[in-house]
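Have the viewer ready and follow along.

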Amino acid sequence: METIALNNGVRMPVVGMGVFRMTGDEVREALPAALAMGYRLIDTAALYGNEDAVGEVIAASGLPRDELFVTTKVWYRDYGRNETLRAFERSLGKLGLDHVDLYLLHQPFNDYYGAWRTLEELHGQGLIRAIGVSNFMPDRYVDLVVHNDITPAVNQCEVHPLYQRQDLQEIIQRHGTVLQAWAPLAQGRSEVHDSPLLRGIAERHGRSVAQVMLRWLVQRGIPLVVKSTHEARLRENLDVFSFELTEQEMSSIAALDKQTPNAGMNHHDPRLLEYLHDKYR
């Protein structure tokens with residue numbers, strides 16, 4: 001597995017296994033297969049409700065702890081010093097670990113200042129190897145950077161050919177933050193998976209459209225987390241290091257950018273916060 005260096009020297013696998021919207025039973029079935037294939041980054045979150053299942057799989061895997069890279073996230077309703085401390089302790093307990101490798105602020109809402117400074121404390125205590133954010137747009141990201149001591153190691157955001165985040169990547173790279181992609185396969189949007197351009201590139205390389213999409217991210221220097229419960233797809237998603245897209249192919253994929261997130265996921269739209277507030281009470 002290839003790795004990428006974060007701004008504090010910690011190395012993070014380039015491709016990770018995400019468990020968003022997976023039940024505990026799905027995690028217990030799919031994650032052992034993923035680990036057996038060579039996945040070493042596991043991405044979960046308090047909101048997902050499956051940290052305990054992830055912890056069970058880790059404990060049963062027999063893999064040395066230092067071979068795994070475990071990411072989890074604190075939900076925005078648990079921001080604030082005391083709330084974030086309690087949320088971290090709950091996550092650590094469910095995972096059955098003595099530390100996590102990456103801990104993220106899940107959303108750029110509520111008291112993200114208080115939460116971030118708590119993450120800085122936990123990092124200083126050695127309970128978190130690297131701290132970062134998720135879904136932070138450029139304005140919130142820069143605001144956090146210039147008013148705090150530690151710059152986020154990672155900003156995990158939606159990135160795929162229809163929402164390429166070129167400007168965001170440029171801004172955060174200037175500060176030493178890695179852009180990590182969630183929804184790298186655009187959550188199955190047909191307009192990208194049925195793209196004649198991507199299908200043509202895939203055929204030339206003897207690969208799937210999904211592999212081309214993931215390889216495009218890797219060549220942009222963007223690590224990723226991708227979810228699947230099917231062994232064949234898990235294996236396919238991991239096999240993106242044995243071919244390379246040409247400069248022309250990279251440029252042609254760049255032309256697909258519509259700067260459109262998946263439905264309802266625009267973090268500049270106040271309706272998103274209203275939706276999250278109502279859905280996750």
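Which helix gives the most to the lining of the largest pocket? Helix 10 does, with three residues. Before going further, a word on the basis: this is a predicted model, in which local features need pLDDT of at least 70 and side-chain atom pairs count only at pLDDT 80 or more, while totals for chains, interfaces and linings use all residues. Residues are numbered from 1 along each chain as its sequence is written, and side-chain values use heavy atoms, with hydrogens and water left out.

## Pockets and a cavity

Rolling a probe the size of a water molecule over the atoms shows where empty space is left. Here the search runs on a 1 Å grid over the protein atoms alone: a cavity is a set of points where a 1.4 Å probe fits but cannot get out, and a pocket is an open set with protein on both sides within 12 Å along at least five of seven lines. Lining residues have an atom within 4 Å of a point. Grid points are joined across faces, edges and corners, and a volume is the space filled by probe spheres set on the points.

For the classes in the table, Ala, Val, Leu, Ile, Met, Phe, Trp, Tyr, Cys and Pro count as nonpolar, Asp, Glu, Lys and Arg as charged, and the others, Gly among them, as polar.

| Space | Volume | Lining by class |
|---|---|---|
| Largest pocket | about 1,000 Å³ | 17 nonpolar, 15 polar, six charged residues |
| Second largest pocket | about 280 Å³ | five nonpolar, five polar, three charged residues |
| Largest cavity | about 50 Å³ | five nonpolar, two polar, two charged residues |

The largest pocket is lined by 38 residues, and those nearest its centre are Phe 20, Trp 182, Ala 183, Gln 187 and Lys 227. Strand 10 (224–226), helix 10 (231–238) and helix 12 (270–279) each supply at least two residues of this lining. Helices (H or I, at least four residues) and strands (E, at least two) are DSSP runs, numbered from the N terminus.

The second largest pocket has a volume of about 280 Å³. Its lining has 13 residues, with Tyr 163, Arg 165, Asp 167, Leu 168 and Gln 259 closest to the centre. Helix 6 (residues 166–174) gives the most to this lining, with three residues.

How many cavities of 30 Å³ or more are there? The count comes to one. Its lining is made up of Asn 135, Met 137, Cys 157, Glu 158, Tyr 163, Arg 165, Trp 182, Met 265 and His 267.

## The nonpolar cores

A nonpolar core is a set of buried Ala, Val, Leu, Ile, Met, Phe, Trp, Tyr and Cys residues joined through side-chain atoms within 4.5 Å. Buried means under 20% relative accessible area, exposed over 50%, and partly exposed in between (1.4 Å probe, protein chains only).

The largest core has 81 residues, and Leu 31 and Leu 105 have the most contacts inside it. Helix 9 (residues 209–219) brings the largest share of this core, eight residues. Apart from it lies another core of 14 residues, including Met 12, Phe 69, Ala 130 and Val 225.

Contact means heavy atoms within 4.5 Å. Not counting residues up to four places away in sequence, Leu 31 touches Met 17, Glu 26, Ile 42, Val 54 and Val 57.

Helix 11 (residues 247–254) buries Glu 249, Met 250 and Ile 253. Seen down the axis, these buried residues fall within an arc of 100°, so they line one face of helix 11. The arc is that of the directions from the helix axis to the C-beta atoms. On the other side of helix 11, Glu 247 and Gln 248 are exposed. The buried residues of helix 11 pack against helix 8 (196–205) and helix 9.

In helix 5 (residues 138–146), the buried residues are Tyr 141, Leu 144 and Val 145. They cover an arc of only 100° around the axis, which puts them on the same side of helix 5. Their packing partners are helix 4 (112–124), strand 7 (128–134), strand 8 (154–158) and helix 6.

## Single residues to look at

Thr 71 is found in strand 5 (residues 69–74) and is buried, with a relative accessible area of 0%. Leaving aside neighbours within four places in sequence, Thr 71 is in contact with Leu 41, Ile 42, Asp 43, Thr 44, Leu 102 and Leu 104.

Is Gly 206 buried or exposed? At 65% relative accessibility, Gly 206 counts as exposed; this residue is found in the loop between helix 8 and helix 9.
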